[in-house]
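The briefing below goes with the sequence and the structure shown here. It takes up the cores, the helices, the sheet and the confidence of the model in turn.

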Amino acid sequence: MFTTGFTSPGSPAKANEDWFATTPDLAVVLDGATVRTTTGCQHGVPWYVSHLGPYLVAGALDKDAPLRNVLAQAIQQVSNLHADTCDLNDPGTPSAAVGMVRLVDGVVQYLVLGDISLVVETEKDGEYPIEVLRDDRVSSTAAAERAEADRHPIGSAEKDSALLLMKPAELAARNVEGGYFIAAADPAAVEHAYVGSFPVREVVRLALLSDGAARLVETFGLLSWTRALNMIEFEGPAAAIARVRDAEAGDPVGEAHPRNKTSDDATVLFADFHKVPSRVVGLRVGRAVNFDVDFDDPEVKAVRSKTLADFHTQTHDPDLTGEDVGGWRRRRDTNQQV
Ligand SMILES: [Zn+2]
């Protein structure tokens with residue numbers, strides 16, 4: 001598995017509450033939930049995600065442990081670290097959405113808890129269907145309060161007080177039946193995670209995105225998921241987040257696209273399963289190589305060549321891409337010269 005990732009804080013004045021890590025067979029993205037109330041915790045959300053993440057990476061080393069168990073154990077380990085100093089029963093105790101992908105014996109396992117987007121492109125009979133796995137239940141909590149907050153421009157006193165009223169209503173629905181589920185202090189939340197797997201031979205590429213990065217497709221509607229994956233793969237995760245930042249700057253108070261903050265922490269982690277290292281272009285950050293994939297295997301070769309041929313067709317057909325074909329060629333050429 002070849003991976004590349006990028007994370008960027010929504011504001012230079014605030015610590016990034018997203019977190020990611022990648023190894024040759026593991027990808028993890030965390031998105032810490034914004035605090036607007038008391039938390040009962042003296043440590044804070046950046047501390048929470050930066051401890052939960054490494055415990056997940058360590059726990060995932062046991063390939064026999066299901067990802068749900070890995071997450072449950074990591075949540076318990078972080079709780080143990082501050083049970084003596086903090087009130088873990090506080091409704092505002094630090095929490096995070098979790099996305100994990102692990103490659104084990106030719107199988108791509110995944111876990112999604114909360115509103116991390118896992119975007120998977122597979123290959124079946126010459127088609128390249130995309131599945132987007134995300135638990136968006138948080139956005140249907142506190143509906144009346146959310147609608148009120150959406151009426152006001154970001155930065156206004158009305159917006160701030162509406163958000164302060166919204167948060168307790170949202171937290172009241174956290175990790176309770178009928179509400180939404182997220183990693184916090186109680187490992188029981190993992191029962192509500194989406195888990196599943198794909199045979200690696202069917203997976204062409206995938207990406208994990210925090211909701212701040214998924215704005216590219218979901219909030220601003222700038223690209224389809226296929227085109228977003230093309231951009232992430234060939235221009236890099238940082239370019240995709242830069243596109244989000246441009247859109248945010250063009251709608252700073254959320255008039256066209258109502259949202260809680262102008263800019264949110266944003267993370268993109270991309271994984272490709274069928275590239276030969278020398279053919280990797282445009283990838284600069286955190287790349288890792290999994291030597292378990294046998295590139296001489298005829299099935300792997302067939303999937304790869306089909307993928308490359310299909311990508312070539314898509315990127316050179318203006319009807320499919322909606323983009324200037326010459327522009328694509330230039331960008332790809334530029335990448336290849338780097
Ligand atoms: Zn604490």
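**Briefing: cores, helices, sheet and confidence**

In this predicted model, Leu113 is in contact, once its neighbours within four places in sequence are left aside, with Leu71, Ala97, Val98, Asp135, Phe181, Ile182, Ala183, Ala189, Val190, His192 and Ala193. Leu113 also belongs to the largest nonpolar core, a set of 73 residues in which Leu113 and Leu71 touch the most other members.

**Nonpolar cores**

**Helices**

- Helix H4 comprises 16 residues, 157-172, and reaches 24 Å from its first C-alpha to its last, which is close to the 22 Å expected at 1.5 Å a residue.
- In helix H6, residues 225-235, the buried residues are Trp225, Ala228, Leu229, Asn230, Ile232 and Glu233, and the helix is followed by Gly236, whose phi is positive, near 100°.

**The five-stranded sheet**

- Five strands make up an open sheet with antiparallel pairing, in the order E1-E10-E9-E6-E7.
- Its edge strands are E1 (2-8) and E7 (130-133), each of which pairs on one side only.
- Neighbouring strands of the sheet are turned against each other by 10° on average, with direction ignored.
- Strand E1 runs antiparallel to strand E10 (residues 266-272), to which seven bridges join it; Phe2 has Asp272 as its bridge partner in E10.

**Confidence**

- The chain has a mean pLDDT of 86, and 85% of its residues reach 70 or more.
- Over residues 276-291, however, the pLDDT is below 50, although this stretch has 35 contacts in the model beyond near neighbours in sequence.
- A further stretch, residues 320-338, also stays under 50 in pLDDT, and for it the model has 17 contacts beyond four places in sequence.
- Where pLDDT is low, the predicted coordinates should not be read in detail.

Technical notes
Residues numbered from 1 in each chain as written. Predicted model: local features only at pLDDT ≥ 70, side-chain atom pairs only at ≥ 80, totals over all residues. pLDDT = per-residue confidence, 0-100. Contact = placed C-beta atoms within 7 Å. Helix = DSSP H or I, 4+ residues; strand = E, 2+ residues; numbered from the N terminus. Expected span 1.5 Å × (residues − 1). Buried ≥ 20, exposed ≤ 12 C-beta atoms within 10 Å, placed from the backbone. Pairing = 2+ DSSP bridges. Axes fitted to C-alpha atoms, helices over the stretch in contact; angles between N-to-C directions. Core = buried A, V, L, I, M, F, W, Y, C linked by C-beta atoms within 7 Å.
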